[in-house]
Structure formats: C-alpha cells, structure tokens
Amino acid sequence: MTAQHPVRGDVAVLVPAAGLGTRLGGGTPKALRILAGESLLSHAVRRVAAAPSVGYVVVAAPPEDPGAVGPLPGPVTVVPGGATRQASVAAALAAVPDEYQIILIHDAARALAPTRLVEAVAAAVRAGWDAVIPVLPVVDTIKEVTASGTVVGTVDRSVLRVVQTPQGFRRAVLAAAHAAATDDHTDDAGMVEKLGVRVHIVAGDEAAFKITRPVDLVLAEALLAGTLLS
Ligand code: C5P
C-alpha cells in the first residue's frame with residue numbers, strides 16, 4: 001500500500017478500480033481509457049480530491065498488479081482490491097483512518113463529476129442523512145417488456161430516477177451494510193437499503209455521466225474543451 005495522509009476535509013472517497021486487470025479479450029479497461037491525455041480514473045481522482053470537503057482518497061487497484069492504475073494525482077492511497085467490487089470497496093474502506101466518518105464511493109467512469117456534486121453529497125451526509133445518492137430525472141419513456149419482445153406497459157417515469165456517483169454514507173452504516181451483505185452488490189446504496197436505512201436523494205449533475213460508449217468520450221472531450229465544467 002502506498003499512502004500519503006493529507007488532513008483537510010472530513011470526507012474520504014473510495015474509488016474501486018480493481019477490476020482493471022481481470023478483463024479478457026483485449027481493449028483498454030474502461031477506467032484506463034484516455035481522455036485529454038489522462039485516464040478516466042486519474043480525472044475522477046483529481047476532481048474528487050479538489051473538493052474542499054475531501055481529505056482522503058483511496059483507490060482499490062488490481063491485487064495482482066496495483067501499478068496497473070498508472071500514475072494518479074496525489075495525495076491518494078492505493079490498496080490492493082478484492083475478488084469482487086464489494087470486496088474492493090471493503091478493502092478501500094479498511095484503509096481509511098478512523099477520523100473520517102463520512103465516506104463517498106465514486107465510479108471512475110464518472111470522470112467529470114464536478115466538485116460541487118461531491119460537496120452536495122458530502123453536505124447531505126454531514127447534515128445527518130445516513131446514505132445519499134445523486135440522481136437525475138428520467139427523460140426517456142420507459143416500457144416494461146416481455147422476454148419475447150412485446151410491451152407489457154408504460155412505466156410512470158415521474159417516480160423514477162437515474163442514479164449517479166459519488167454516493168455518500170455515514171461510515172458506520174456503510175460498514176454495517178458490508179457486514180450484513182450476502183450477495184455481491186454493484187450499487188452501494190442498494191446494500192444500505194436492505195438494512196432498512198432511508199436513502200436521501202440530491203440533484204445529480206449532467207457532467208457526472210458514465211463514460212462507457214465511444215460517443216461518451218466524444219462528449220467528455222467536448223465538455224473539457226468548453227466551459228461547462230467547474
Ligand atoms: O466490472 P464492472 O464494470 O462491474 O466493475 C465496476 C467497477 O468495480 C469497476 O471500476 C471495477 O474496476 C471495479 N471492481 C473492483 N474490484 C473487482 C471488480 C470490479 O474494484 N474485483
């Protein structure tokens with residue numbers, strides 16, 4: 001584990017990126033795709049670390065090759081991840097000093113999540129919510145369909161939200177959710193919901209979109225070239 005220990009904000013951010021080395025079939029893992037000369041992971045780390053509330057950042061790296069995450073903007077602590085995303089989050093959480101009681105979990109593919117979104121999630125946890133997620137309204141019409149390809153009905157989208165990261169948690173609640181979880185979860189708030197904890201929503205940000213498809217990289221380049229991001 002490489003570690004530097006800044007003391008600034010009261011928030012620690014975990015970025016699980018340990019799946020990087022496990023994919024077969026070639027191609028660059030999502031989080032290591034290059035955007036404006038820097039990996040998505042590096043962008044994500046740099047942006048969350050710039051938030052005044054953030055005092056500690058931990059990246060879970062592939063245990064077989066922690067160096068695979070490449071150079072990251074410091075200060076950041078890199079720990080070996082686990083066999084599943086959930087295990088990687090647990091390993092990253094274990095590396096956070098006890099004084100950090102507000103934990104954010106961030107997806108490296110949401111590389112352009114702005115500082116103000118990090119602050120909004122952190123502020124809601126600080127205000128007393130045990131779990132906080134940033135969300136956006138659903139803009140498309142959503143249909144429920146059968147496996148054979150016919151429409152069952154139209155879902156009322158007014159009660160639906162698209163979920164982004166960073167997601168924020170009071171540390172004890174996140175730790176309890178991990179201790180109680182039996183299946184592997186890809187959504188940290190989902191684990192907390194299972195404990196019966198109320199999850200609070202805050203307004204998400206268009207810039208925190210998940211960069212997955214080739215067109216997303218084009219959009220990200222355009223955003224970076226413009227003045228839309230803070
Ligand atoms: O593979 P998948 O897209 O589900 O991974 C989601 C995120 O979880 C990725 O950022 C990946 O690096 C991370 N992950 C991890 N540890 C694992 C598997 C995935 O940190 N063992």
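The following legends describe close-up views of a predicted model.

Local features are reported at pLDDT of at least 70 and side-chain atom pairs only at pLDDT 80 or more, whereas totals for chains, interfaces and linings use all residues. Residues are numbered from 1 along each chain as its sequence is written, and side-chain values use heavy atoms, with hydrogens and water left out.

**View 1. The largest nonpolar core of the model contains 30 residues.** A nonpolar core is a set of buried Ala, Val, Leu, Ile, Met, Phe, Trp, Tyr and Cys residues joined through side-chain atoms within 4.5 Å. Buried denotes under 20% relative accessible area, exposed denotes over 50%, and partly exposed lies in between (1.4 Å probe, protein chains only). L41, V59 and V69 have the most contacts inside this core. Two or more residues are given to this core by each of β1 (11-16), α1 (40-49), β4 (54-61), β6 (102-105) and α3 (115-126). The largest contribution, five residues, is that of α3. Helices (H or I, at least four residues) and strands (E, at least two) are DSSP runs, numbered from the N terminus. A second, separate core holds 26 residues, among them A95, V135, V173 and M191. In soluble globular proteins, nonpolar side chains tend to be buried together.

**View 2. V59 and its contacts are displayed.** Contact is defined as heavy atoms within 4.5 Å. When neighbours within four places in sequence are set aside, V59 is in contact with V15, A17, L41, V45, V69, L72, V76, T77, V78 and V79. One of these residues, T77, is found in strand β5. T77 counts as buried, at 0% relative accessibility. The side chains of T77 and Y56 are joined by a polar contact of 3.2 Å. A polar contact is a pair of N or O atoms within 3.5 Å; within protein, one must be able to donate a hydrogen and the other to accept it, and residues adjacent in sequence count only if both atoms are side-chain atoms.

**View 3. Helix α1 is mostly covered.** Nine of the 10 residues of α1 are buried, namely L40, L41, S42, H43, A44, V45, R47, V48 and A49. The cover over these buried residues includes β1, β2, β3, β4, α3 and α6 (214-225).

**View 4. Helix α4 (residues 171-180) has its buried residues on the same side.** R171, V173, L174, A177 and H178 are the buried residues of α4. They lie on the same side of α4 because they cover an arc of only 165° around the axis; the arc is that of the directions from the helix axis to the C-beta atoms. An α-helix has 3.6 residues a turn, so residues three or four places apart point the same way. Elements covering the buried residues of α4 include α2 (85-94), β6, β11 (167-170) and α5 (188-194).

**View 5. D188 and A189 are shown in helix α5.** D188 is buried at 3% relative accessibility, and A189 is buried with a relative accessible area of 1%. Not counting residues up to four places away in sequence, D188 touches R85, V89, I105, Q167 and F169. With neighbours within four places left aside, A189 is in contact with I133, Q167, F169 and V199. A189 and E119 are 70 residues apart in sequence and 18 Å apart in space, C-alpha to C-alpha.

**View 6. The ligand is surrounded by 12 residues.** The closest are P16, A18, G19, G82 and S88; a residue is included if one of its heavy atoms lies within 4 Å of the ligand. A backbone N or O atom of P16 lies 3.0 Å from an oxygen atom of the ligand, and a polar backbone atom of A17 is 3.4 Å from a ligand oxygen atom. At A83, a backbone N or O atom lies 3.2 Å from a nitrogen atom of the ligand. Of the 460 Å² of accessible area that the ligand has on its own, the protein covers 73%. Accessible areas come from the Shrake-Rupley method with a 1.4 Å probe; for residues, only the protein chains shown count as cover.

View 7. A36 has a positive phi of about 50° although it is not a glycine.
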